[in-house]
Every structure is written in structure tokens, then in C-alpha cells.
Amino acid sequence: MSVPTTQRPTGTETATGRLGDITLLPDGIPKVTGDFAYSSDLWMDDMLWGVTLRSPHPRARVRSIDIGAALATAGVTAVLTHEDVPGSKYYGLEIADQPVLAVDEVRYTGEPVAIVAADHPETARRAAAKIVVDYEVLDPITDSRAAMSPDSPLVHATPTQDHYPGGGNILRHVRIRRGDPTLTADVVVTGEYDVGMQDQAFLGPESGLAVPAEDGGVDLFIATQWLHVDQRQVAESLGLPEDKVRLSLAGVGGAFGAREDVSMQIHACLLALRTNKPIKMVYSREESFYGHVHRHPATMRYEHGANRDGTLVYVKCEVVLDGGAYASSSPAVVSNAASFAVGPYNCDNVLIDGYILYTNNPPCGAMRGFGAVQVCFGHESQMDKLAAALGIDPVELRIHNAMAEGSLMPTGQVVEGAAPVAELLRRVKDAPLPAAAPTDSYDLRALPGGVSNTTHGEGVRRGVGYAVGFKNVGYSEGFDDFSTARVRLEVVGGELVATVHTAAAEVGQGLITVMAQIARTELGVEQVINQPADTSIGTAGSTSASRQTYCTGGAVQAACEAVRDGILAMASARGLSVEGAALRDGKIVAADGAAVASVADLLGEEIVEETREFHHRPTEPLTRDLGAPGDIGQGAAHLQFAFAAHRVVADVDVELGLVRLVEVTTAQDVGKALNPLSVVGQIQGGTTQGIGLALMEEIQVKDGKIRNPSFTDYLIPTILDTPPMQVQVLELGDPHAPYGLRGVGEPPTISSTPAVVSALRAATGRPLTRVPVRPEHITGT
Amino acid sequence: MRQFGYERPEYAADAVALAERPEVRYLAGGTNLVDLMKLGVETPDLLVDVSALPYEFVQEDLDGLVRIGAGVRNSDLAAHALIRSRYPVLAQAVLAGASGQLRNMATVGGNLLQRTRCVYFQDVSKPCNKRMPGSGCPARKGDHHNLAILGASDQCIATNPSDMAVALTALDAVVHVQDHAGPHEVPLAELYRLPGSDPQRETTLAPGALITAVDLPTLPFARRSRYRKARERASYSFAIGSVAAALDVEGDVVRDVRLAFGAVAPVPWRARTAEAALVGGPVNEEAFRAAAEAELAAAEPLRDNAYKVPLITNLVVRTLAELAAGS
């Protein structure tokens with residue numbers, strides 16, 4: 001196999017530390033210094049460059065495509081359209097509804113229509129501009145609520161396969177009914193809330209290198225979240241068996257859900273096989289905004305009924321998510337949105353309708369929080385509103401209704417393990433508040449507007465807000481979610497070395513550290529090597545749903561236990577007594593603590609290697625509405641729930657509409673912190689991403705076109721927008737999970753957004769029903 | 001991107017001779033031009049790189065006039081001791097713009113000529129009277145959240161995005177220009193044009209004209225001057241409204257004042273109506289507010305940018321109040 005001359009991403013080296021130790025990420029320093037090799041750095045001397053021609057229209061019929069002038073351009077080696085896709089012309093994570101290259105219709109602005117390979121990227125771009133596409137432009141369907149109407153034109157006139165029951169443009173309709181939602185209540189509050197389209201805003205654009213192989217297959221070096229799901233889709237579209245499509249993980253510059261879907265993977269492989277040359281593709285920043293899915297914009301309607309004492313009587317919710325042109329992971333996102341629509345509260349009577357629509361907007365899919373983010377803004381806004389209507393402290397109202405171990409979800413699922421909703425809320429409420437802003441002196445950096453010098457304290461009001469949220473860890477609704485790990489123990493140069501191999505994608509979250517910590521702890525060995533992730537081993541599942549430490553950590557643990565059993569069996573075969581023994585510090589240590597043998601001496605030239613799969617406990621699909629009476633949308637659909645609460649203190653310039661967050665306090669149960677520093681890093685980063693959604697992050701889509709596809713115009717928080725954070729980590733332990741751990745990555749993103757807005761409401765007295773909140777919403781102008 | 005040639009002359013006359021054709025653009029820091037070339041908004045066939053020209057100076061003449069070379073990088077300008085001490089409003093405005101990396105590249109001349117951030121101007125698939133005269137203006141009914149409330153026309157409501165130019169406008173800066181007719185001077189207030197019926201013409205510069213320097217007249221009371229900028233994050237974002245001000249107070253009376261607004265008009269907006277209302281008047285918030293309101297009486301806000309009227313009013317009151325308190 002040809003291998004790119006660019007070095008493997010650095011950072012696969014040995015980390016240090018055992019389980020529970022604070023361990024620095026080995027790829028951290030190379031990333032900061034610029035030495036880390038990202039997928040966009042891949043290079044082979046004889047490679048060609050691939051570029052993509054994209055639709056300028058959100059909805060149009062493709063009458064014809066003329067590639068003649070493009071193909072005749074000097075330096076151009078190939079120009080491909082849908083006619084050149086040998087296998088499946090459609091792909092998708094769950095529903096294969098997305099054309100590899102547009103066939104007869106384009107459904108969103110930026111949809112790939114043709115691909116070009118040339119000896120220079122600029123040559124390829126110029127050739128792509130010579131492709132003549134004859135479009136019959138159609139009126140786009142861009143309003144998700146209007147798209148629900150039976151009168152609406154269809155985004156997919158001929159569905160490529162049976163979707164979920166819904167009909168028309170409804171990609172999926174999740175109905176949850178439990179108890180009696182027709183009850184009346186002492187106090188009723190209603191609200192409508194909107195969430196804008198957020199981008200994952202990873203820094204490393206989509207990129208990779210496809211290398212044709214002598215066996216007629218292809219090797220793809222790619223930044224992705226799930227090698228095997230890419231492999232399946234690439235192989236299907238190439239018309240090749242999966243073993244001829246081999247993927248290796250290249251350096252990933254952030255993901256957050258945006259790398260779950262295929263972007264340039266199939267395109268690069270098509271060009272590589274056509275030209276018989278390595279093909280490199282790297283999206284520009286603008287193209288990247290069109291090249292991956294985004295967080296679904298949402299419109300939500302809520303009605304909460306409660307007794308005078310604050311007890312929730314019923315909750316009704318309708319959430320409408322704009323799925324954009326293709327399905328991506330939308331069916332799972334809307335299921336989550338429905339599951340978590342009430343929030344982590346007890347309520348016996350619920351009526352929830354979650355809709356996800358096809359439109360001609362950019363496709364939306366996975367992003368950190370995955371459906372729980374949107375509804376958390378809804379239910380937490382409602383809890384504040386209800387508290388105000390009842391005259392009850394908003395934190396006490398939440399605690400009064402807080403879910404606990406044994407509570408029932410709206411889906412009827414019993415919440416198992418720790419569900420410390422009340423404790424998380426108490427902790428953030430009881431944490432000391434920051435000092436009041438000084439009135440006799442000012443530091444511009446600490447004021448709304450910061451160094452822009454907009455206020456020296458004039459017009460500034462302080463507000464404090466709270467929110468709590470939760471979501472599922474791992475894949476849900478009956479999906480067989482698992483990971484695979486191979487662990488080898490051997491003596492190299494007189495030293496005991498463990499090698500860990502999985503296909504799990506390290507995307508910056510710190511899994512490589514955790515895998516080494518597990519092996520080091522389980523096998524009592526100092527030196528652990530993580531082998532680069534690739535498809536020569538079984539799937540690890542996706543680096544998403546906060547699941548990788550759970551699932552791949554579980555697989556590494558299982559493989560380590562098998563290796564340990566192998567070592568002990570060897571020892572036993574040599575007449576040593578190993579009853580109850582463990583491996584520690586390179587030795588077999590008996591139950592009484594006495595060293596029985598040196599593992600290195602025992603192994604000699606031999607190698608012990610074991611491969612194990614770890615499947616998490618099965619989950620159930622939600623029951624569907626079959627016209628039968630009784631509860632519907634029920635089932636133990638989720639594996640594990642993860643909870644976090646936030647308190648936000650904000651200084652708000654109520655005259656200019658500018659915000660300075662003074663401090664964020666957050667508490668989260670992580671079950672067991674395998675690498676406590678990574679845990680805090682995840683919580684800080686996730687909280688910041690939620691702050692971004694609250695205050696500034698929005699892809700502005702008008703008439704189906706993204707208006708701000710750059711980091712100049714799509715604003716993400718800078719460090720000046722990011723406040724100090726008090727992070728409280730609880731380790732309450734989940735008896736069902738490896739090491740008792742609970743997924744960490746997503747919960748902080750979920751509750752930080754509504755906590756920020758709650759603080760802004762407290763400061764301004766305004767309802768603020770849409771995120772991101774803009775200055776004119778704060779000033780009411 | 002269209003293919004283009006590249007020249008890097010060492011003399012201004014050579015640069016001007018190369019640049020007279022409309023397909024030629026000067027390249028300085030490239031922080032705006034190159035982005036626009038990538039978007040296909042600018043399609044020059046020749047770039048004339050002016051970085052070899054001797055315009056990286058800040059100097060003071062015997063009368064106290066400060067001359068800034070057009071090639072001075074934004075970072076250097078903001079850090080210059082003369083600017084920081086005599087014209088703090090200018091140093092603050094420059095520092096409020098862009099990011100550290102961009103300021104290290106961007107020049108004074110380039111900053112003055114940067115183009116609007118209007119999304120329709122930047123999107124070549126959409127009509128735009130500025131980019132394609134006569135094609136129409138979708139912004140008036142479309143996305144105009146950060147577009148003009150003052151000085152616009154039915155042809156164009158784009159805003160000038162510069163922070164630096166707002167401060168220079170308040171300071172009565174004079175621009176040195178070299179064109180085919182030789183060197184001459186243009187008051188900054190006369191450099192920019194309102195869009196009227198031909199929004200594609202943003203300046204009064206002749207084709208191929210090269211900005212070589214900017215003069216700052218002596219203005220002793222500018223030692224007390226301020227730039228305040230409202231934006232949607234704490235750093236590296238364009239203004240949604242900004243105010244540059246210098247205030248001269250004698251006793252309880254405003255003796256003199258300079259006031260300019262950013263992000264509200266197609267040009268850096270000199271608030272002469274407000275200045276006239278203030279001079280000779282009392283030094284209090286009511287007077288400041290009344291002056292701002294007088295200036296903004298001419299505002300024609302649209303559906304989504306009406307917030308700029310109170311935003312600017314509040315910024316004016318605060319900025320002048322701060323300057324007054326320090327007098």
C-alpha cells in the first residue's frame with residue numbers, strides 16, 4: 001500500500017498515567033505549536049487535486065451537464081458526474097437519500113454536482129467553472145412550518161425508500177403520549193421559542209487523500225468521526241466490497257458532529273480510481289460551511305400546567321426542526337428532541353410532537369447535544385416563566401420537580417443509576433456568587449463590550465440565571481452500538497509493551513489518553529502504544545453521542561482482561577498459583593499482594609493478543625402510534641442519561657444590548673473521571689459552545705443560501721467572550737457502565753445556552769424567546 | 001479566481017501608470033481585496049503591489065501636523081506614541097478593528113478603501129447596484145440588519161465598515177493622493193461619496209489614484225478623544241454602531257467638538273448637525289442626547305436596523321459624558 005509521505009498525525013504516542021490520573025493530551029502541544037499533521041497536510045508527490053462544483057440554487061431541476069470544456073482544460077485529468085458513480089448513486093447515514101453527485105435535481109445551495117481532478121487545485125477550480133449545468137430553477141421550500149402543509153410542494157418528489165411514517169415533507173414525526181394531557185391545572189404558562197442554525201465551527205476543514213491500490217481498491221486517509229460508517233457508504237457508491245475500501249484516520253481538526261456524514265470521501269475515491277492517482281481534496285472555509293450538516297433550527301410551542309405548589313401537572317410540546325434537504329441523522333435528532341422535551345423533571349402527563357422536515361435549506365444533522373439542545377432552551381425558558389407565574393424561586397421550582405433515580409421519562413423509561421438533578425442545581429445555586437461590579441473603578445475587559453470601550457458601567461445591570469439539562473449517552477432506539485479493541489502484550493527490547501488498536505476516531509476529545517490509561521492500569525504496564533485508527537480492525541462506532549469512552553473504553557477494558565487471563569493461564573500452565581491474581585507494575589501479583597512472577601520473564605518471546613467487542617446494553621425502539629388507545633412513543637430507548645446544571649452571572653448593558661458574562665458555574669455528574677483534566681476541558685469547551693449559541697452563533701440562511709460562510713461573519717466566542725468557570729465534577733458512578741463512567745462531552749453544551757438567556761432575562765426583564773440573542777433583542781429596539 | 005498579473009513597482013509614478021486601467025487593483029495588506037477576489041467580487045487582471053513604495057512612516061512637521069504614510073500597518077499606527085498621545089481616538093479605533101493578525105497586515109491606505117460587508121455585495125449570484133450597476137438592491141427588503149440608516153439611497157444602503165476612517169473623519173484628516181495629474185490633497189470628507197444613483201462610485205478618486213499619506217491637522221483638544229464601538233462579540237467583529245468624539249469644554253460650555261459615527265451610513269458619518277447643536281451649549285447629558293437626536297432625525301431606519309438609532313444615541317451620550325467628566 002502506498003502511504004502519504006506526510007507523517008502520521010503526531011499524538012498517537014504513549015500518554016502517561018493510570019485511570020483517574022491527570023494526564024496531558026499528547027497531541028495538545030503539537031496542535032498548539034503547529035507541528036500536528038492534520039488531514040489537510042497529507043501529501044504525496046504524484047497526487048492530483050480534486051475540487052467540487054456545487055449548485056448555486058437551493059432547488060432546481062438539472063436538465064443537462066456539459067463537461068466538455070472542463071475536460072479539455074490543460075492539466076485536467078478527470079471530470080465526473082452522477083453518471084460516473086459505479087455503485088449506489090445515493091448515500092446517507094440512516095436513509096440513502098443524498099446523491100453522491102446531483103442526478104436530476106439539486107435540493108440545496110452548495111449541493112455537489114460534479115467533481116474535477118487536475119494537477120493543481122486552481123486548475124481544477126477553473127475547469128469546474130467551465131462546466132455548463134443547465135438548471136431549471138424552481139421556487140425553494142425554505143420555511144419548515146410551511147413545508148408541513150399538505151399543499152406544500154415536495155422536496156423529495158420520489159422518496160428513495162420508505163421513510164418514517166409522516167408523509168409529505170415530514171421526514172419523521174415522533175409522538176409521545178403518556179398519562180392524561182387533557183388535565184387542567186391551577187397555573188398554565190405557554191411559550192414559543194426559536195433556535196437559530198448553529199455551526200460546529202471546527203477549525204480543520206473537510207480534507208483527505210484517496211490513494212488507488214493495486215488490487216483495484218482504494219486507501220483513504222481521512223478526518224472523520226466514524227471510519228466504518230464512511231467505509232460502508234464509500235464502498236456502496238464505488239461498487240466495491242468493503243475490504244477493498246480501507247480507511248485510516250488522518251489528523252482531525254475538531255468534529256462536534258459535523259464529520260458524521262460523508263463529505264468528500266466518495267468524491268476523492270471516485271477520482272482516485274478514475275485517474276489511478278492519489279487525489280487530495282481540501283475544502284475552503286466557505287465551502288466547508290456548505291460541506292457539512294449544521295445544528296437544526298427549531299421552532300417550539302410549549303404549554304406547562306402546574307399546581308399552586310409548583311408540581312407539574314402536564315406538559316405539552318410541539319417542536320419543529322428544519323432538517324434541510326437530506327436526512328442525515330435527522331430521524332434520531334428529532335427522537336431525542338421529543339424524548340428530552342420536558343427536561344429532567346417528573347411529569348406524569350405529557351403530549352409531545354416532534355417533527356422534522358425536509359426543506360431546501362442546508363442539510364442539518366448531528367451536533368453536540370443532538371436535539372436536546374433545542375428543547376432545553378424551550379423547557380428551561382418555560383420553567384423560568386412558570387416560576388415567575390407561581391412566585392416561586394426558579395431553582396426551587398426545578399428542584400421540586402427534579403427527576404431522580406427511578407423517575408419515569410415521558411417515554412415511560414425508568415431512569416436508572418444516579419440522576420442527581422436536585423443536587424446539581426443546589427451545588428450551582430450554593431456556590432459563592434462573584435463580587436458585584438466595582439462602581440468606583442472599571443476594567444474595560446470585565447464590562448459588556450469589553451475593550452470596545454462601550455461602557456464604564458453606565459446602563460449595566462447584573463442578572464443571574466439557571467438551567468439544567470440532560471441527554472442520552474450512546475446510540476438509542478435498539479441500535480446495536482458497540483466497539484472493538486485489540487490489545488497486545490509483548491516484550492520489546494527487554495521492556496513490557498502493550499499495544500492498543502481500535503478504529504475509534506480521536507477528534508480532540510482525549511480518547512487516546514483514556515485508552516492508554518485503561519491498558520496501563522489493567523495490565524500493570526508502563527509503556528502503552530496506541531496504534532493509528534483504521535479499518536483493519538472492527539468498528540469502534542462513532543465518536544459521537546458522548547459514547548466513545550464508554551464503548552471503546554469498554555472494549556479496551558474487555559480486551560485487556562482477556563490478555564490478562566491469557567497471561568495468568570500461561571503462568572498457571574507453568575505451575576504458578578494465580579488464583580485471584582492481578583497484573584501490577586510488570587508483575588503477576590497474588591491476591592495477598594505477593595509478586596508471583598515477572599510478566600516479561602513469563603512472556604519471553606511470546607505475544608499475547610486478544611480482540612474483543614463491547615456491546616452496550618440493548619435499548620428499545622419507541623412504540624409507534626398504531627391507532628391503538630393508550631400511551632404511545634414509549635420504550636426504554638436510551639442507554640444512559642447524563643446531567644449538567646449551569647448558573648450564569650451576566651453583566652448586561654441594557655442600553656446598548658451588549659453582554660459580558662461574569663462567571664459560569666457548572667456541576668455535572670461524570671460517573672467516574674478517567675482523566676479529570678480532560679473532563680474539565682470538555683466541560684469548559686462544551687459550555688463555551690453553548691454560550692456561543694446563546695449570544696452570537698448563527699448561520700444566517702436567506703432563500704436557502706448561507707449568508708455568512710466565513711469566520712469573519714459567523715461569530716464564535718473568543719477568549720474575551722469566555723468567562724471564568726467554576727466546574728464541579730461529581731463522580732456518582734453508574735453500575736452498568738465501564739468503571740462507572742458517564743459520557744461527558746455533550747451535557748455542558750445543553751444547559752449553558754438557557755442559563756445564559758435566563759441571566760439576560762433577569763437583567764433586562766425581557767422575554768428573550770430566541771437564540772442567539774442579539775443586541776436589539778436586549779434593548780427592545 | 002480570475003488569473004491576474006503581478007507587479008511590484010518601486011516608484012509611485014510607475015504604480016500609477018500601471019493602474020490606470022479599470023481592471024487593475026493596488027495590493028497592500030490584501031486583507032480585504034484577496035477575500036473579494038476569492039469570492040469573485042473583485043476580478044482584477046493585474047495586481048500592483050505597493051508594499052515597496054516608501055510609505056511606512058509617521059512623522060510630525062514643525063507646525064505639529066502629523067503625516068501618516070499610506071503603507072503604515074494598522075498595528076504600527078495604533079502603537080505609535082504620537083498617535084496614542086495626541087489622537088487617542090484614532091489608536092482606539094484602529095485597535096477596535098479586525099484581529100491582531102489582520103492589523104499586522106492591513107495598511108492605512110487599504111483600510112480607507114475597504115469595501116462594504118453587505119452580504120449582497122459579497123454574493124456574486126445576487127443583484128447588487130454597487131457591484132453590478134442597475135441590477136437592483138435586494139438588501140432593502142432582505143438582510144439589512146447592519147446596513148445604513150443615514151445617507152443611503154434607494155439604489156444602495158450599504159455601510160462603510162471601517163473603524164479607522166470614522167476616527168479620521170472626526171479629526172478632519174486630509175488624504176494625499178497621486179494620480180495621472182500628479183500629487184494632490186483631498187479632505188477625507190470629500191474622498192467618500194454617498195451612493196445616490198451610482199453606488200458603484202464610492203470615492204472621488206480618479207482611476208488609478210494612489211493614496212500615499214494621510215495628514216492629521218493639529219487639534220489640541222483631540223488629546224481627549226474617544227472611540228466607542230458596539231459589536232456582537234468582544235473582539236474581531238465589525239461594528240453595529242460606533243462613535244468617534246473629541247470634546248473641548250470651557251467652564252460649563254462646549255467650546256468645540258468633533259463627532260463621527262460608524263456602521264450607520266455608506267460613508268464614515270460626520271455628525272455636523274450634532275456638532276452645531278453642541279457648540280456653545282451646556283455640558284450635560286440632556287444636551288448630548290438632544291444633539292444626537294438632532295443628527296439622527298434624518299435617519300431612515302428599515303425593518304431590521306432601527307435599533308441603530310437608540311444605539312448611536314446612547315453611545316454619543318456616554319462618550320461625550322466621559323470626555324466631559326475628564327475635562
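Predicted model: local features only at pLDDT ≥ 70, side-chain atom pairs only at ≥ 80, totals over all residues.
Figure 1. Look for A:Arg177 in strand β9 of chain A, which covers residues 170–178. Its side chain has a partner here: a polar contact of 3.2 Å links the side chains of A:Arg177 and A:Asp353. Leaving aside residues up to four places away in sequence, A:Arg177 touches A:Val350, A:Leu351, A:Ile352 and A:Asp353, along with A:Asp631, A:Ile632 and A:Gln634.

Figure 2. Is A:Thr484 buried or exposed? A:Thr484 is buried, with a relative accessible area of 4%. You can find A:Thr484 in strand β19 of chain A, made of residues 482–492. The side chain of A:Thr484 reaches the backbone oxygen of A:Thr539 at 2.7 Å. When residues up to four places away in sequence are not counted, the residues that A:Thr484 touches include A:His501, A:Thr502, A:Ile537, A:Gly538, A:Ala555 and A:Arg612.

**Figure 3. Helix α5 of chain B, mostly covered.** Now we turn to the other chain. Helix α5 of chain B runs over residues 88–95, and six of its eight residues are buried. Which residues of α5(B) are buried? They are B:Pro88, B:Val89, B:Leu90, B:Ala91, B:Ala93 and B:Val94. As for confidence, chain B has a mean pLDDT of 96, and 100% of its residues reach 70 or more.

**Figure 4. A salt bridge where chain A and chain B meet.** Here the side chains of B:Asp143 and A:Lys702 meet in a salt bridge, with 3.8 Å from N to O. Across the interface of chain A and chain B, the rule finds eight salt bridges. It also finds 18 residue pairs in polar contact, both residues being at pLDDT 80 or more.

Figure 5. The area buried between the two chains is about 3000 Å², with carbon and sulfur atoms giving 47% of it. For the complex, the predictor reports an ipTM of 0.89 and a pTM of 0.94.

Key. Residues numbered from 1 in each chain as written. Chains lettered and ligands numbered in written order. Heavy atoms only, no water. Buried area = accessible area lost by both parts, 1.4 Å probe. Salt bridge = Lys/Arg side-chain N within 4 Å of Asp/Glu carboxyl O. Polar contact = N/O pair within 3.5 Å; in protein donor to acceptor, adjacent residues only side chain to side chain. pLDDT = per-residue confidence, 0-100. Buried < 20%, exposed > 50% of the residue type's maximum accessible area, 1.4 Å probe, protein only. Helix = DSSP H or I, 4+ residues; strand = E, 2+ residues; numbered from the N terminus. Contact = heavy atoms within 4.5 Å.
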